Amino acid sequence: MNHLTYPEAIVVGLLQGVTELFPVSSLGHSVLLPALLGGRWARDLDVSTPESPYLAFVVGLHVATAFALLLFFWRDWVRIITGFVTSVRHRRIDTPDERLAWMIVLATIPVGVTGLLLEHTFRTVLGRPIPAAIFLTVNGVLLYGAERLRRRAASGTPDPVDAADSDRRIAAGTFRGATLVGSAQVLALLPGISRSGVTLGAGLLKGLSHQDAARFSFLLATPVILAAGVLKIPDLFGPLGAGIRGQVLAGSLASGVAAYFSVRFLTRYFETRTLTPFAIYCVVAGVASLVWLSAT
């Protein structure tokens, strides 16, 4: 791992920043790309290894992705955190910001607990190319199924783009519904299943528009991605980070920039478009990877 080059770190960083937010699974791509490239990539960049430096590198990139989300949604997080503080102070849940804050808290608990208990097992057992290719294909099927099953608004008119209006519509839902949407993130522990994809799809099935579902998905992802990164940051200051700290910094910068422009693109994309192109990509990429890996 100490031979990881800066160009390789930047490529992986860009890949992480894009695939973490696009509904195509960053972990799945992090597993499949080295296997498809072969050679040193396949030998060194293996997240299934119990103490994998590559995993420490990839998870370190998550911090940059989370900061990009915080930067993009900083005004919203100011409102949400203020709503949480006022809710605790006054022991109430009345305003949309207070409701949204508690929705995010409740929706984060299932994946947080499950990740702490099962992340290592899922990664070491299933974090291999063949399972990742299979789950990437399943991810495409789930995205397409969510599109086909979603409940359309009776009026059929697009929702306003204003962020505060979007948050009010999300907060108008139930706490149970928000928790179910957040619980879908548990599936993203499987390499190939996209965190943003499953939460966005779950939001559609709960009656949200594409725009609101995407927004809620990105808000839910921020504390989870940040927590996952922070938990692994100490590894980068130990033996696992020896020789790659400069590469981590370069990859993180690339990941943060890619994530910022990805969320900027996707928030606009989902104002008028659907998950279908991503579903097709995941199925094609998953099946093609499975065929290639099985033949080699």
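Residues are numbered from 1 along each chain as its sequence is written, and side-chain values use heavy atoms, with hydrogens and water left out. Because the model is predicted, local features need pLDDT of at least 70 and side-chain atom pairs count only at pLDDT 80 or more, while totals for chains, interfaces and linings use all residues.

**The largest pocket**

Rolling a probe the size of a water molecule over the atoms shows where empty space is left. Here a pocket is an open set of points on a 1 Å grid over the protein atoms alone, where a 1.4 Å probe fits, with protein on both sides within 12 Å along at least five of seven lines. The largest pocket has a volume of about 730 Å³. That volume is the space filled by probe spheres set on the points, which are joined across faces, edges and corners.

How many residues line the largest pocket? There are 30, and E119, L189, R195, V224 and A228 lie nearest its centre. A lining residue has an atom within 4 Å of a point. The lining has 15 nonpolar, 10 polar and 5 charged residues. Nonpolar means Ala, Val, Leu, Ile, Met, Phe, Trp, Tyr, Cys and Pro; charged means Asp, Glu, Lys and Arg; the others, Gly among them, are polar.

Helices are DSSP runs (H or I, at least four residues), numbered from the N terminus. α1 (6-19), α2 (26-37), α4 (53-72), α6 (96-126) and α11 (210-236) each supply at least two lining residues. α6 gives the most, with 8 residues.

**The nonpolar patch**

Helix α6 also matters to the count here: the largest share of the nonpolar patch, 7 residues, comes from α6. The patch covers about 1100 Å², and its members include I81, F84, L106 and L231. Patch residues have over 30% relative accessible area and no salt bridge, and nonpolar side chains are joined within 5 Å. A salt bridge is a side-chain nitrogen of Lys or Arg within 4 Å of a carboxyl oxygen of Asp or Glu. Areas come from the Shrake-Rupley method with a 1.4 Å probe.

Most residues other than glycine have a negative phi. S25 and R91 have positive values.

| Residue | Phi | Loop | Relative accessibility |
|---|---|---|---|
| R91 | about 55 degrees | between α5 and α6 | 78% |

Buried means under 20% relative accessible area, exposed over 50%, partly exposed in between.

Definitions and conventions
Patches are made of residues with over 30% relative accessible area and no salt bridge: like charges are joined within 9 Å, nonpolar side chains (Val, Leu, Ile, Met, Phe, Trp, Tyr) within 5 Å. Buried means under 20% relative accessible area, exposed over 50%, partly exposed in between (1.4 Å probe, protein chains only).
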